[in-house]
Structures are given as structure tokens and as C-alpha cells.
Amino acid sequence: MQKVKYIVTGVVLTLSVALSAQTNMIDGVVWIVGDNAIMRSEVEEYRLRLQYEGQRLQGDPYCVIPERMALQKLYLHQAKIDSLEAGASQVEAQVNMRMDHFMREIGSKEKVEEYFKKTVSEIKEEMRQMIHDQLTIQMVQQKLTGDIKLTPAEVRTFYQTLPDDSIPMIPAMVEVQIITLEPPIPVEDLEATKNRLREYAERVNNGSADFSMLARLYSDDPGTAAKGGELGFFGRGTMVPEFTNAAFALTEPGQVSRVFQTEFGFHIVQLLEKRGDRINCRHILLRPRVSAAIKEKTFQQLDSLTTLIRTGKLTFEEAATVNSSDKNTRMNGGVMTNENTGASKFEYQDLPQEVAKMAYNLKVGEISQPFAMMDASLGREVYAVIRLKAKTPNHKANLTDDYQQLKQYCESEKRSEILSEWIARKIKETYVYIAPDWRNCDFEHEGWIKK
């Protein structure tokens with residue numbers, strides 16, 4: 001069956017460095033779709049962008065890319081007919097989010113402009129058109145395919161008609177229960193951490209130290225420490241509320257905040273620049289250290305819990321509900337939930353690395369030894385034990401065990417079928433010209449070259 005991706009991936013959102021190769025290129029029209037021309041330079045720019053991003057194409061890029069661009073033009077033409085267009089506010093929100101990401105990753109407005117060899121306004125304008133087109137195409141596809149809802153009988157019929165070699169493989173899946181303990185940190189250690197940050201702030205304020213140097217030397221945030229603590233420009237909805245409140249309360253460049261706490265630890269922030277509703281700042285993060293004695297005591301507590309569970313004096317569910325510090329699993333008997341699917345089943349690769357290592361060697365019903373792991377939401381080390389609740393080996397999908405996956409697969413196939421049929425009709429109805437040198441291709445869709 002011919003496959004059509006439901007969300008068109010041809011709209012490339014990551015900007016590339018200026019494409020100097022174009023300056024020596026003899027430009028010209030290579031495709032015409034309806035009233036829209038596709039230029040040789042556009043195809044080359046698209047190719048270089050994909051190459052820059054490390055994306056590989058299946059097939060000749062000078063065949064695949066113009067066909068992708070032609071499909072985009074078909075969808076955008078349909079959008080005009082149906083009066084569909086992405087909202088300006090939605091587009092702008094996406095542009096700002098992506099620009100915030102660039103500035104956080106690269107460092108500053110000036111560094112972003114140097115990296116892309118374009119001004120911020122030029123980068124945003126280019127992104128704005130790309131994002132507008134992508135969102136508009138998604139709206140067209142959604143209207144064409146509608147809200148597909150299949151009954152169990154339809155899923156069963158679909159499954160029964162699948163050739164044996166087309167039945168999807170379901171990877172090994174596990175269900176895991178976890179008990180997590182956050183080691184308690186004495187008040188004096190918390191105060192010592194805050195006092196270190198107060199000392200750093202005082203040294204910056206009296207001119208005896210540079211904030212960026214202190215961040216490089218002492219910050220516990222590895223993602224920003226190497227950049228002198230610089231976060232890049234961000235808006236109010238980007239950071240956790242405590243961080244946002246402290247950072248946006250600063251009014252003058254160079255000003256340093258009071259010490260404040262988030263779920264990740266203790267911080268101080270220095271304002272670098274304020275531009276409209278976005279700011280750029282540096283920060284230093286310190287996390288209180290867990291002493292060896294406290295770590296050992298926490299492991300002993302987990303050992304005691306697992307002994308009670310193994311001897312039948314306590315169920316894992318009861319132990320998790322009463323003792324676990326993990327708010328996401330505590331009231332669910334310790335059962336971990338896959339954030340990507342909302343279900344309790346995980347592929348090993350989707351589990352936290354430390355959990356996956358433990359789960360891989362357990363039999364169903366077995367409980368692991370206590371182990372240390374990083375809690376991504378807290379940004380600190382915690383200690384845990386897990387129980388393997390269930391395990392399904394990799395297998396061909398079947399209706400008994402994999403109904404939801406088959407239902408999603410069936411819905412995806414239906415969408416692809418609808419879009420394939422629409423594309424075939426649209427190609428027939430639309431004037432298409434392909435330059436002779438660009439016709440010798442094995443296109444994904446038939447009918448581009450009129451007979």
C-alpha cells in the first residue's frame with residue numbers, strides 16, 4: 001500500500017547557514033504546479049538544509065525534493081479553496097518558541113545572527129512563512145481525513161485482511177512499579193548552600209568576581225555552566241514559576257536576584273538584557289549535597305521495605321502508597337506511566353536508563369536491589385527499588401494483546417489511503433510541468449508527467 005505521511009515533513013523548520021553555493025548557480029524553473037513555479041535554487045537550498053541537519057533522503061534528492069515541494073503546493077492551493085489558514089497568533093507563538101530555543105542553545109541575539117549569517121528579523125520572517133505553511137497543510141490534511149473512529153469490528157476485519165508480512169511487530173514491553181525515596185537533607189546543609197549563593201551574589205555586586213566566571217566554576221547546571229550560566233532569551237511561560245518570578249522581577253542589566261528555590265535546587269539570577277516580553281539572563285544553580293551517611297541510611301530504609309514485601313508482610317502497592325516520594329506513581333501503587341503514550345507499558349528505551357538496566361534482568365514479580373538514579377523532574381539523585389509487574393516479548397501484533405496499537409495502525413493506514421486518493425485526483429486536475437532534465441525519476445506518486 002502506498003504510504004502518505006499524515007503530517008507533511010517537507011516543511012523544514014530549522015534554518016541553515018547562508019547558502020553560498022547558490023551564488024554560482026544558474027537558476028531556472030524546474031517544475032510548475034498550477035500557477036506556482038519551483039526554482040532550481042529552491043530545490044538546492046532545500047537539499048543543503050537537509051544535509052546541514054543531517055537528514056538523509058531515500059532516493060535521488062533532485063527527484064524527492066521537488067515532489068515534496070509540489071505536494072506542499074497542492075495542499076496550500078486546497079487551503080485557499082477551503083479558506084483555511086493558520087492563525088497569526090499560533091504562528092507567532094511557534095516562531096517565538098523556536099527563536100527562544102535558538103537563543104538558549106547558541107547564547108545571545110548576536111551569536112544567533114553570527115551563526116545563521118542573518119539578522120533576527122530575517123530569521124523570524126523566514127521561520128514565519130515556513131511555520132505558517134506547515135500549520136496550514138496540517139489543517140488541510142485534518143479536514144481531508146476527518147476524525148477517523150473505527151469500531152472493534154472494523155479493526156478486526158482490517159487485521160484479518162493484513163498479509164502476514166504486513167502485520168506490525170510489537171517490541172518487547174514491560175510494566176514497572178517503583179518506590180522512590182528522596183534523601184532528607186539537614187537544615188544546616190540547606191542553609192550552607194544558600195549562604196554560598198549569597199556569597200557569590202555579594203562578590204558580583206562588589207566587583208570582586210564575574211558572574212559568568214562563578215557560573216563556570218560552581219554551577220550545578222551542566223547545560224549552562226559552560227556558557228557562563230547564560231540561558232538565552234526566554235518568555236514568561238518557558239521556566240518554572242519560581243524562576244520566572246525572580247528573573248522578571250529584575251529591572252536593570254547586571255542586577256542579581258535574591259537566592260530562591262525551585263524543584264531543581266537553589267539559584268541566583270543576573271539580568272543581561274530585557275527585550276519586550278523576553279529576557280536574557282545568567283544563573284547559578286546549587287544543589288545541596290547528600291552525605292554518605294544519609295545515602296547509606298536511605299539504602300537501608302529501602303532494604304527494609306523490600307524485605308517486608310518479599311516476606312509478604314507488605315505489598316509493593318502498599319509500600320509505594322505510604323513511602324514513595326514520587327508524586328506521579330505514589331497513588332497508583334507505584335506503577336510508572338509512559339508520558340509519550342499515557343499507558344503503563346514501556347519499551348526498554350523509553351524507561352529512565354537506570355530503571356531499564358534493572359528491569360532488563362528481572363523476572364515478572366521480582367524486586368530489584370536498591371539503586372541510585374537521576375530524577376529528571378528534580379534534577380537530583382534519588383534512590384529507588386523497582387518491581388517488574390509484567391513483561392511481553394517482542395512479537396507480531398495480535399488482537400488479544402495489542403488491540404490499541406492495531407487500532408492506531410489501522411487509523412494511520414486509513415488516513416494514508418484517503419490522502420493518497422486525494423493526491424492522485426489532485427494531480428490529474430492540476431496543470432503540472434516538469435523540465436525534461438528532471439523527469440527521469442521514480443516518483444512516489446503517479447501522474448506527475450502527463451501523457
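Student: Which residue in strand 8 is the bridge partner of Phe234?
Tutor: In this model, which is a predicted one, the bridge partner of Phe234 in strand 8 is Ile279, and Ile279 is also the partner of Lys274.

Student: How many bridges join strand 5 to strand 8?
Tutor: Strand 5, residues 230-234, is joined to strand 8 by 3 bridges, and the two run antiparallel. Strand 7, which covers residues 265-275, also pairs with strand 8 in the antiparallel sense, over 9 bridges.

Student: And what do strand 7 and strand 8 form?
Tutor: They form a hairpin with 2 residues between them, and in the turn Gly276 has a positive phi of about 65°.

Student: Is strand 8 mostly covered or mostly open?
Tutor: Strand 8, residues 278-286, is mostly covered, with 9 of its 9 residues buried. In a regular strand, side chains alternate between the two faces of the sheet. Here Arg278, Asn280, Arg282, Ile284 and Leu286 are buried on one side, while Ile279, Cys281, His283 and Leu285 are buried on the other.

Student: Switching topic, which residues have the most contacts inside the largest nonpolar core?
Tutor: Those are Trp31, Ile38 and Trp448, in a core of 27 residues. Several elements supply at least two residues each, including strand 1 (29-33), helix 1 (40-53) and helix 14 (403-429), but helix 2 gives the most, with 8 residues.

Terms used: Residues numbered from 1 in each chain as written. Predicted model: local features only at pLDDT ≥ 70, side-chain atom pairs only at ≥ 80, totals over all residues. Heavy atoms only, no water. Buried < 20%, exposed > 50% of the residue type's maximum accessible area, 1.4 Å probe, protein only. Helix = DSSP H or I, 4+ residues; strand = E, 2+ residues; numbered from the N terminus. Pairing = 2+ DSSP bridges. Core = buried A, V, L, I, M, F, W, Y, C linked by side-chain atoms within 4.5 Å.
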